[in-house]
Amino acid sequence: MISLDLAVNAIVAGLLLGGFYAAVTVGVTISFGMLDIVNIAHPAFIMLGSFVAYIVNSNFAVDPILIGVVMAPVFFLAGMGVYQIYYYAFERRGEESIQGLAFFFGLLFVGEVALILVFGVDYRFVEAPYIGPSLHFGFVDFPLRMLIPFLISLLMLAVLQVFLGRTFIGRAILAVSQDRLALQLMAANPSRVKRIAFGISIATASVAGALLIIIQPVEPSIGRDYIGRIFAICVLGGMTSFPGMLAGAMLIGIVESITSTFYGPSWAPAVAFGFLLLTLAWRPAGILGR
Amino acid sequence: MMHGNRSETPLPHRGKGVIPRGSEMGTAKFWIGSVLVGVVFLVLTRWLITNEYYFFAGYQVLQFIVLATAWNILGGYTGYTNFGTGAFFAVGAYSAVVLHKLTSLPVPVMMLIGGVMSGIIGFGMGYLTLRLKGVFFAIATLALAIVAQTLIVNWDYVGGARGVYVIRPQHAPISGSYIQYLYSLMLALTWVSVAIARTIERSQLGLGFNAIRDDELAAEAAGVPTLRLKLIATTLSGALMGMSGAPLPYYVTYLDPASSFNLSYAVNSVAMPMIGGMTSWIGPIVGAVLLGTIQQLATVTISSALNLLIVGVLLIVFVIIAPNGIVGLVQSRWRARIR
Amino acid sequence: MAEPILTVSGLGKRFGGFVALENINITVETGERLGLIGPNGSGKSTLVNCLSGALHHDSGSVTFDGRRIDGMPAYQRTRLGLARSFQLPKPFRSLNLVDNLRIPLLYTVNARHGAHLSSTEIDARCRALLADVALADKARRLPRDLTQVEMRKLELARAVASAPRLLFADEAMAGLSPSEVEEILVVLFRLNEQGITIVLIEHIMRAVMSFSTRLVVLVAGQKIADGAPQEAIRNPEVERAYLGE
């Protein structure tokens, strides 16, 4: 007999987790969905964000979310730098596919190994007043360490949505994602716009990483679990749509949470990846792809 | 392709006209020459080297050659990047574990069965995902690796997360220690893989693979059955990877998912062909020997995490400055001299 | 009267909510030179993609040489004799010109029943095909060493290498100078004389009018005219589509 109590809490936890997953994925929605850059190293930047939050928090007792936001401009610059390399090495030559993938794969790997060398494989966590307590509504628990990241994630998504829709650069980014040629004809340099967009995508990793380490303790190899989640959500959500991505993220969050609660946590990583494989397998046929 | 602002990249070139063709002569020379080299190598190492460590290290390097060569059939020749080498490799290793528990089959048979299992996985995965753009295929391979790992972690019969101990037999079917026996088997498999790769490269199949890599739509329009060829590539590539994993349980005597699915297999099998050169069968060998040796030295002298860092950094650097790998650099030099 | 080589009945194609092609009915007679014109976005390329198998059409049927080919993958259509060249040339960049032509010879011509060309015969055919488009001296070069018009000619040569009965020449002349357009036209006329039915999709009106024995006009995914070239363009709807309301 499945306990209703357990099931409802699992679903709630899944929803909250899903909101967070959307924050993790939005960077790839921008870089892959809109810019066509397969940044599979995004999880490495998120882990970097988590560990940065860890260092500052454990040494100076600053709130991790604050760290994530303050460090975002630094990540933004780093993202622009990575894009520059990517652009000069691959995009300009028109050889984006295998070499570009290998480049990001290398980054992902180097990122993880570098973190292991510096921090070792122990779990790290942060301290904050909202890690621990929960809100209770009847038998439903809302752990603050999940609720707060959930709210911040939604806030970040909303800010990005407004930015993309209302500001000049934001709309330039949307334009680049739809029609590079048109943008060139309008005398805007697409690679400059893409650089800014990629920078923003990495900046989100700073915040997402901070949120991650609030939700759970982290160690360097966790990034790997997120590759599948991120791309599964991105694909499920239709690649470029924020609302779609949010819905996909919540769906995966809920399914993962239920699987974890009733079948054990060791099955959770397979959920997102399984989703991904199924989604990819059932996409419309035809070599012309998207 | 005709735009002015594209910088001049040396294209991966099939090598015709640079490396002299004379195909029939070349093929006979290769077969005879390589068998001779293999036999001489085997004799020298088995009889002259007594330090077991060299056989361990040699086994590792040979294993990498097979993985790199197998990866390159799908990656370099056909243009589809596979990040899930760990899955195919581990399926081979765990097939051997299951066979070891249920039967007492000789290792070569286990290798064949491991190859079949991984080949089936390669076929299945290809069938599910090969209709998509190459990028989605690559992501799907990552997904496959994690799904496979999760399945094994939850399968108690093969030890689950705790791993499984495998007892290495006392006596090898041929003279010498068991490690030397495994080493000989791996040498044979290496020869088989390289021979397969070279044969494909010079055949109609290889030409078809190249066409798919260069422009899949155009290849399909020219009459190339792209899905069929891609399935051949994934199946063959997966099978070879599985075969290289089958002897692993006897080699390490303790097998667990964390080590057998290790991402280092994925990175190495991508880095070695890329750094060595993806257009020819020589490239993966160059890359595997180079990187394999560096890693052996680094593991012994520094630390094993650092050696992985070196591989990752080398991959990034080479991918940026020498996209055609070492073989590509050599080819450009030749071409420059000829002109 | 011989059977038409290609019959398109009620063909439709949509992308999500956007209707790219609606109820297209076209017959192509064996041996004719059919011109297919229409403003940008009218669905010409989509139609070619559907007929050649690069895209799946949603409704209607396509019959080639008496056979229904709906759902057939592109490579099988090519083997049946339906070839296309690409609007933006898509050569095999890492292969030299000879190898570029070798692919269709090995995978189409040699894959047909009964045919079996030896490798010497294939080599000879490759060179003959290159000579036909004046590219014989660049046989061992890579596609990136070619000029624009040479790339177009290679593109056509590759389509012809598959020994087709029907060829869709998709905007083979876009962006070329008048003398280059003439070069391509000469090639196409010669191919037609050799017995290949040609459907020319093109924007360059002069070329289309001089080449076509019949003209089909597509606007916004629908066929609005079909007949002798001079009459078709005088159709008021066609005028409106090109000149605006």
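Q: How many bridges join strand 3 (residues 33-37) of chain C to strand 8 (residues 197-201) of chain C?
A: This is a predicted model, in which local features need pLDDT of at least 70, side-chain atom pairs count only at pLDDT 80 or more, and totals for chains, interfaces and linings use all residues. Residues are numbered from 1 along each chain as its sequence is written, while chains are lettered from A and ligands numbered from 1 in the order in which they are written. Strands (E, at least two residues) and helices (H or I, at least four) are DSSP runs numbered from the N terminus, and two strands pair if DSSP finds at least two bridges between them. Strand 3 and strand 8 of chain C run parallel, and the number of bridges joining them is 4.

Q: Which strands are the edge strands of the open sheet in chain C?
A: The open sheet has 6 strands in the order 6-7-8-3-9-10, with mixed pairing. Neighbouring strands are turned against each other by 15° on average, direction ignored; axes here are lines fitted to C-alpha atoms, for helices over the stretch in contact, and angles run from 0 to 180 degrees between N-to-C directions. The edge strands each pair on one side only, and they are strand 6 (82-85) and strand 10 (222-227) of chain C.

Q: At about what angle does helix 1 (residues 44-52) of chain C run to strand 7 of chain C?
A: Two residues are in contact if their C-beta atoms, placed from the backbone, lie within 7 Å. Helix 1 of chain C lies across strand 3, strand 6, strand 7 (166-170), strand 8 and strand 9 (214-219) of chain C. Its direction relative to strand 7 of chain C is about 150°.

Q: How many of the 9 residues of helix 1 of chain C are buried?
A: A residue is buried if 20 or more other C-beta atoms lie within 10 Å of its own, exposed if 12 or fewer, and partly exposed in between, with C-beta atoms placed from the backbone. The buried residues of helix 1 of chain C include Lys44(C), Leu47(C) and Cys50(C). Helix 1 of chain C is mostly covered, and its number of buried residues is 8.

Q: Which residue in the turn between strand 1 and strand 2 of chain C has a positive phi?
A: Strand 1 (residues 6-15) and strand 2 (residues 18-28) of chain C pair in the antiparallel sense over 7 bridges, with Thr7(C) standing opposite Thr27(C). The two strands form a hairpin with 2 residues between them. The positive phi in the turn, about 65°, belongs to Gly16(C).

Q: Where in chain C is the confidence lowest?
A: Confidence in each residue is given by the predictor as pLDDT, from 0 to 100. The mean pLDDT of chain C is 90, and 98% of its residues reach 70 or more. Confidence in chain C is highest in helix 2 (residues 74-80), at 95. It is lowest, at a mean of 76, in helix 9 (residues 236-243) of chain C.

Q: Which helix of chain A gives the largest share of the side that touches chain B?
A: 40 residues of chain A are in contact with 44 residues of chain B. The elements of chain A that give two or more residues to this side are helix 3 (64-91), helix 4 (97-119), helix 9 (222-236) and helix 11 (268-281). The largest share, 15 residues, comes from helix 4 of chain A.

Q: What percentage of the residues of chain A count as buried?
A: Chain A has 11 helices and 2 strands, and its C-alpha trace spans about 60 × 50 × 35 Å along its principal axes. Of its 290 residues, the share that count as buried is 51%.

Q: Is Asn210(B) buried or exposed?
A: Asn210(B) is found in helix 7 (residues 204-214) of chain B. Its C-alpha atom is separated by 5.6 Å from that of Tyr77(B), 133 residues apart along the chain. Because Asn210(B) has 24 C-beta neighbours inside 10 Å, it counts as buried.
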